[in-house]
Amino acid sequence: MRESMHICVNHLRRWSSSPRMYVLTILSFLMIWEWVRNPVVAFSVEMEYPVSPWIYSFITEDWYLSMTLQIAMVLLYCDAPFINEETPFEFIRCGRRRWFAGQILYIFVCALLYQIFIAALCAFSMLPHMEWTTDWGSLIYTLAEEASVDGIQFAVYYFVLTMYEPWQAMLLMLSLTWLVTSVYGMMIFAINTLLPKACGVIMGCILTMVSVFALNFSGPGLLFFSPGSWMTLSLIDVSGLSGTPSLGYIYTVGAGLLALFMGLAYIRYRRKAIDVVIDQ
């Protein structure tokens, strides 16, 4: 386990020298600043209410925010299967199984760290208009009531406010985004292992477009086959009557997809020779 953790940490250390991670950071800042902070802070100034720190729970309610977040997920893992000049030495020192476990651990840790970063960015981008409170706050309730008014570009649904406490919604949202991000990462990892490297990225973009279609033009049926849609709290079936995916379905199918992609990648790497190609 120590060797696998070392491989994971080694991947994380390479972030500081990766242009891709700087692009991802800039994309994330622009996404939150333009589509979350600007409309919410403008509404806060207009209403003279401070913002509570629970905005992250609603960032996937708008399809364009959800789409951008999924594109960021694809960018996060587009270099899978994470082969670099140190890989042959890690293979010799750790063996295939521990090396593979390190790759899998990195996918999960990477997904969690990125979503924590987005959650923190959502909260701190509201400064100095934010108040620290355990309640949803007056502004979020007002946003929910004024959701249909022209000019408000950030969706908040009253259903979510009545169904969950703020901390419950935040933890649920974090678990769902972690799950979906991990699914995207594991899928890209497996496909890039089995097929040419660009195929995983292409599949990730296709899933993103399926999510956009499901959120805008389709009935609830397509939501069952669109992992990107599973991050939207207002679309989760909590009563058994809405016909949308339930939490049980999301977690079960998500875990199944993770196991499937993990198994496909492991079968391939069990005998595959490692070819090191250094991206310039």
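How many residues does H9 have, and how far does the helix reach from its first C-alpha to its last? In this predicted model, local features need pLDDT of at least 70 and side-chain atom pairs count only at pLDDT 80 or more, while totals for chains, interfaces and linings use all residues. Residues are numbered from 1 along each chain as its sequence is written, and side-chain values use heavy atoms, with hydrogens and water left out.

Helix H9 has 19 residues and reaches 27 Å between its first and last C-alpha atoms, close to the 27 Å expected at 1.5 Å a residue. The expected span is 1.5 Å times one less than the number of residues; helices (H or I, at least four residues) are DSSP runs, numbered from the N terminus. The buried residues of H9 are Gly200, Gly204, Leu207, Thr208, Ser211, Val212 and Ala214, where buried means under 20% relative accessible area, exposed over 50%, and partly exposed in between (1.4 Å probe, protein chains only). Seen down the helix axis, the buried residues of H9 fall within an arc of 165°, so they line one face of the helix. The arc is that of the directions from the helix axis to the C-beta atoms. These buried residues pack against H3 and helix H8 (166-194), contact being defined as heavy atoms within 4.5 Å.

Thr208 is buried, with a relative accessible area of 1%; apart from its neighbours within four places in sequence, Thr208 is in contact with Met67, Gln70, Ile71, Val74 and Tyr184. Ala214, also in H9 (residues 198-216), is buried at a relative accessible area of 5%. With neighbours within four places in sequence again left aside, the contacts of Ala214 are Leu222, Leu223, Ser226 and Ser229.

A further buried residue, Gln115, belongs to helix H5 (residues 96-124) and has 0% relative accessibility. Beyond four places in sequence, Gln115 is in contact with Tyr56, Leu69, Met73, Leu174, Thr177, Trp178 and Thr181. The C-alpha atoms of Gln115 and Ala214 are separated by 23 Å, the two residues being 99 residues apart along the chain.

Helix H2 was examined through its packing with two other helices. Two packed helices are described by the angle between their axes and the distance between the axes. Helices H2 (residues 19-47) and H3 (residues 63-77) pack at an angle of about 170°, with their axes 10 Å apart. Axes are lines fitted to C-alpha atoms, for helices over the stretch in contact, and angles run from 0 to 180 degrees between N-to-C directions. H2 is therefore roughly antiparallel to H3; angles under 35 degrees count as roughly parallel, over 145 as roughly antiparallel, 65 to 115 as roughly perpendicular and the rest as oblique. Among the residues that make this contact are Leu24, Leu27 and Trp35 of H2 and Leu65, Leu69 and Ala72 of H3. By class, the contact of H2 with H3 has 14 nonpolar, one polar and one charged residues, with Ala, Val, Leu, Ile, Met, Phe, Trp, Tyr, Cys and Pro counted as nonpolar, Asp, Glu, Lys and Arg as charged, and the others, Gly among them, as polar.

H2 also packs with helix H6 (residues 138-145), at an angle of about 105° and with the axes 11 Å apart, and the two helices are therefore roughly perpendicular to each other. Val40, Phe43, Ser44 and Met47 in H2 meet Leu139, Thr142 and Leu143 in H6.
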